[in-house]
Amino acid sequence: MINDNVAQRSVESPIGDIAYLTRSQHRVPTLLALTERPRSRSELCELAGVSSSTIRRTLDEFEDRIWIRKDGYQYTATRLGEVIAFAMEDLLDQVETERKLRDIWHWLPEEIGEFPTETWDAMTITVAEPDAPYRPVDRFESLLGDTNDLRLVRPEIALMEPCFEVLVRLIEEGVDVVLVARPESHTYFLSTYPERSAHMMRQDNFRVLEHGDLPACGTGLLDDRVVISCYERDSGTVQALVDTEVAAVREWARSVCETYVSEAEPVEPPWSGDD
């Protein structure tokens, strides 16, 4: 005799199973928990934060789909359940990445869209929020502090000024630094911090270049980590920072930096009476 539930599942579309799993937030975590080790119903109730009756119905549905099996008083995932659980975990991770990217997509270079989606999953995306507007700058400063080689194309004032002391320290420690910025940025720092800027520009390990036609976003290499800084067009504030160590993105960023460095003009340091 054919089990009626199994027969019904066989005519459902895959979307039906996906819809079932996603209609309640506890279902995917519950199935994933059962891929780790056998668990009791009471343990799953506590883990999922739902009632005993809810977890009982969920486990019945899982058993009907042959995603789990009962072993004594515990439940564990079958191989079919593992496949579904891991696929849903990957899907949710990709959707979470897409949700972060969608608001900043219009700022990013077109080349980002040409990389495999696995590349997107490996990106750390830090977005400015109304109650935390400096999150991208803070993230950049944390990465900058441990850098031994720095290449930046379009380091805007809003990104670099909060990190000015860190940059000074890196140069004093002998870190190789190359900045390719708009002329307006150099003018700002030379006028706002004249003595310190002039001193920095006279160091052999610091090259400052200017370019009048830079891309809308910033691109940099901090050792092996790529940073992409997204700026609000009118104010120049930092709206988001994307960073990753994926090799393909690193090769792209290295090419961008080399291109603009080769095209840029050096900025001569202003000489003062003492150094």
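Begin by selecting Gln94, which at 37% relative accessibility counts as partly exposed. In this predicted model, Gln94 lies in helix 6, residues 79-102. Display its surroundings next: leaving out residues up to four places away in sequence, Gln94 touches Thr117 and Asp121. For a sense of scale, draw a line from the C-alpha atom of Gln94 to that of Asp223; the two are separated by 27 Å and lie 129 residues apart along the chain.

**The pair of helices 3 and 4**

Select residues 27-36, which form helix 3, together with residues 41-48, which form helix 4. These helices pack at an angle of about 130°, and their axes are 10 Å apart. Helix 3 and helix 4 are therefore oblique to each other, and the crossing is right-handed. Show side chains at the contact: from helix 3 come Thr30, Ala33 and Leu34, which meet Leu44, Leu47 and Ala48 of helix 4. By class, this contact comprises five nonpolar residues and one polar residue, with no charged residues.

Eight strands take part, in the order 4-10-9-8-5-6-7-11, and their pairing is mixed. Strand 4 (124-127) and strand 11 (265-266) are the edge strands, each pairing on one side only.

Strand 5 (residues 149-153) and strand 6 (residues 176-181) run parallel and are joined by five bridges; Leu152 has Leu179 in strand 6 as its bridge partner. Strand 6 is likewise parallel to strand 7 (residues 206-210), again with five bridges. Here, Val177 has Phe206 in strand 7 as its bridge partner. Which sense of pairing, parallel or antiparallel, joins strand 7 to strand 11? The two strands pair in the antiparallel sense, over two bridges. To locate this pairing, select Glu210 and its bridge partner in strand 11, Glu265.

Is Thr219 buried or exposed? With a relative accessible area of 3%, Thr219 is buried, because that value is under the 20% cut-off.

**Two residues with positive phi**

Most residues other than glycine have a negative phi. Select Ile66, in the loop between helix 5 (52-64) and strand 2 (68-71). Ile66 has a positive phi of about 60° although it is not a glycine, and at 45% relative accessibility it counts as partly exposed.

Finally, select Arg154, which lies in the loop between strand 5 and helix 9 (157-160). Arg154 also is not a glycine, yet has a positive phi of about 60°. Its relative accessible area is 17%, and Arg154 is buried.

Definitions and conventions:
Residues are numbered from 1 along each chain as its sequence is written. This is a predicted model: local features need pLDDT of at least 70, side-chain atom pairs count only at pLDDT 80 or more; totals for chains, interfaces and linings use all residues. Side-chain values use heavy atoms; hydrogens and water are left out. Axes are lines fitted to C-alpha atoms, for helices over the stretch in contact, and angles run from 0 to 180 degrees between N-to-C directions. Helices (H or I, at least four residues) and strands (E, at least two) are DSSP runs, numbered from the N terminus. Angles under 35 degrees count as roughly parallel, over 145 as roughly antiparallel, 65 to 115 as roughly perpendicular and the rest as oblique. A crossing is left-handed if the near helix is turned anticlockwise from the far one by less than a right angle, and right-handed if clockwise. Contact means heavy atoms within 4.5 Å. Ala, Val, Leu, Ile, Met, Phe, Trp, Tyr, Cys and Pro count as nonpolar, Asp, Glu, Lys and Arg as charged, and the others, Gly among them, as polar. Buried means under 20% relative accessible area, exposed over 50%, partly exposed in between (1.4 Å probe, protein chains only). Two strands pair if DSSP finds at least two bridges between them.
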